[in-house]
Amino acid sequence: MGSKDPASGSEKKKKEKVRSRDLKKRGRAVLKTHYRILIVACLLGSLMGTMFSDSITNLKSLISTGSPVPPLLEEGEVKEEPLLSTGLLSLNQSASYVVTACLEDGLNAGSTVSGAIRDYQVENADNPAFGRTRGVMASLVNSVSSGALWVTWISAVRNIAHSDQAATVIAIVFAMLLDLLLVIFVREVYAAAMARTALECRTYGHVPYTRILYVQKVKRWFRTTLTFALTDILTILWSLTIVGGFIKYFSYFLVPWIVAENPDIRPREAITLSRRMMKGHKWDLFVKMMTFVGWYLLDMITFGLSGIFYSNAYTLSTYTEYYAWVRGLAKAQGIEGTELLNDHLLYEKAPQEALDKAYAKEKKALALPPAEMPKRNKGLTILAEWFGLIIRRSPEERAYEQALEAENQKREAGVILAGDAYPDRLSAFGNDQRSLKFEGFNYNRAYTVVIMCFLFLLFSFVGWIWEGSLHAIEEGNFVNRGVLHGPWIPIYGTGCVLVLLLLKKLRRMPIAHFFATVLLCGTVEYLTGLVLELTHDGQRWWDYSGYFMNIQGRVCLEGLLVFGIVGSLVVYVLAPIVDSIVARIPAGAFVPVVLVLMGIYLVDDVYSASHPNMGAGITDISRAMPAPGIFGTETPPPGQRA
């Protein structure tokens, strides 16, 4: 017997090594199948600081604005002695200088120090792509980097406290509480959503993006918040000891996955269960984490890009496999509390009988013979499916759309009944009891040529109103902005129509659609600006020089984000609403109006090609600027700003 024990121990260790490799192999397999949703889930976790925040920190070092460290600041004066020889002034350092000045010398001193930091950073920012002088984004960056937001907040509190020092203390305490609430209610809770997403990816081929909002969907936000709050408190208390914080980090490591499996579990039960399950496995988990050291180093070398686009999701998938393995061991050993881990649908698919019963209506709809699709020209079908464009909406076309939508709904039900998606209705927290039906508000619809023309004119007019209003707010007078003489700026209408036409296939993927909209509209704006400059002797109708993150003054981050938001709003809300409203107008009255407006627009377009709209508030931004080259190598003279 004695000679058998060493062999048994050796065999056990060998199995442990094989298991470790298998876990990572399965993690890679899951990532390969569910790459997009896991990447998005981890990216959100990085942005919120839930997990993998180092990737965002490394990325920030790549796209740093280059804000220089100012010399030593004292009583609002900039001295010659450098505060630091190299590097950037961090947000915490800026806030520290400003808050200290407010505490020691009052709000005016803090405002002076903040202004000095801002002016120094703006004047010494040498990267033209990260402008700091114009635009909302630049103002926001300047306010944050200089600590001006603290001055604004302390000033507001002073009206109640009637003391600069008291207002500063209150502002600090309130900011700490706000940060704590955000950490507990948002950042920490999202860890459970990430774990839930990864758990479903292990078993099912189809996992919707709504799983990222799982805790909110099952309405267990407050209980989950209490669980993570208690976990954080215990971790902090244990951190006051020599090694307690390190050990308890591994003891509480499984809490997000436990909560993801059973959001109804009580906070103390979740923490205790994690501690029991991790007993004897803490060193094993530490060793497993060390196998990712190479990926962490690569994340640093690639400024966070390798983590964002691969290793973070790979790590999450592997840790999820580790949880499933430890869970299985705990269940087999009968550890107290494992009966609370009762969502077996996360690990094995439901029996077909149970699916058929829960989704009886959907199964009945699937059993019906396929509806006979109305006849449609093959070319018109390609035009509608790929570009969302139809010649006219006839009764036959409406019938075709309804039949097509019904078939799409059937396919979605087929995925559920085939066991390829988590069956919400069989879960203790299932609340999705929707039946198959054609929804009138359908953002995936196709638009007629006439409607596309009308949308082009409408959004061109909205863009003209928007541009004129911004100028009126900034300069005090409303001008006819744009190249054309009529009330329209075609780049807005063109962008909206192109988004509707070229991104039709992405409408069912809102996140991908948003980024594609940013890329498409940014390309259109850049090329439009370039063509106008080349064909009009360098004349500019807009210039983003000085805006934060601009490209040769033709596009900027602020505008691109607006394009993404507005483009998504157009596709998912505005265009369907307009189409539904117009559908109630008789075609005999609507079509002639659109044709007349398009005719007027085309005449204006032809005339403006040789006689463009120019003048004060329209093109005078380019008077101080030489004609830029294609690659923007020429720069305006020093001291002259568009």
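Colleague: Leaving aside its neighbours within four places in sequence, which residues is I271 in contact with?

Modeller: Bear in mind that this is a predicted model. Once the neighbours within four places in sequence are set aside, I271 is in contact with T227, L230, T231, L234, Y252 and V255. I271 itself lies in helix α13, and its C-alpha atom is separated by 8.9 Å from that of I258, which is 13 residues apart from it along the chain.

Colleague: Does I271 count as buried or exposed, and why?

Modeller: The general idea is that a residue under 20% relative accessible area counts as buried. I271 has 5% relative accessibility and therefore counts as buried. For the protein as a whole, 43% of the 642 residues count as buried.

Colleague: How should I read the angle at which α10 and α13 cross?

Modeller: Angles between roughly parallel and roughly perpendicular, that is, from 35 to 65 degrees, fall among those that count as oblique. Here the axes of α10 (residues 221–239) and α13 (residues 267–278) come within 8 Å and cross at roughly 50°, so the two helices are oblique to each other. The crossing in which α10 passes α13 is right-handed.

Colleague: Which residues of α10 and α13 meet?

Modeller: From α10 come R223, L226, T227, L230, T231 and L234, which meet P267, R268, A270 and I271 of α13. Sorted by class, this contact has 6 nonpolar, 2 polar and 2 charged residues.

Definitions and conventions. Residues numbered from 1 in each chain as written. Predicted model: local features only at pLDDT ≥ 70, side-chain atom pairs only at ≥ 80, totals over all residues. Heavy atoms only, no water. Axes fitted to C-alpha atoms, helices over the stretch in contact; angles between N-to-C directions. Helix = DSSP H or I, 4+ residues; strand = E, 2+ residues; numbered from the N terminus. Parallel < 35°, antiparallel > 145°, perpendicular 65-115°, else oblique. Left-handed = near helix turned anticlockwise from the far one by under 90°. Contact = heavy atoms within 4.5 Å. Nonpolar A, V, L, I, M, F, W, Y, C, P; charged D, E, K, R; others polar. Buried < 20%, exposed > 50% of the residue type's maximum accessible area, 1.4 Å probe, protein only.
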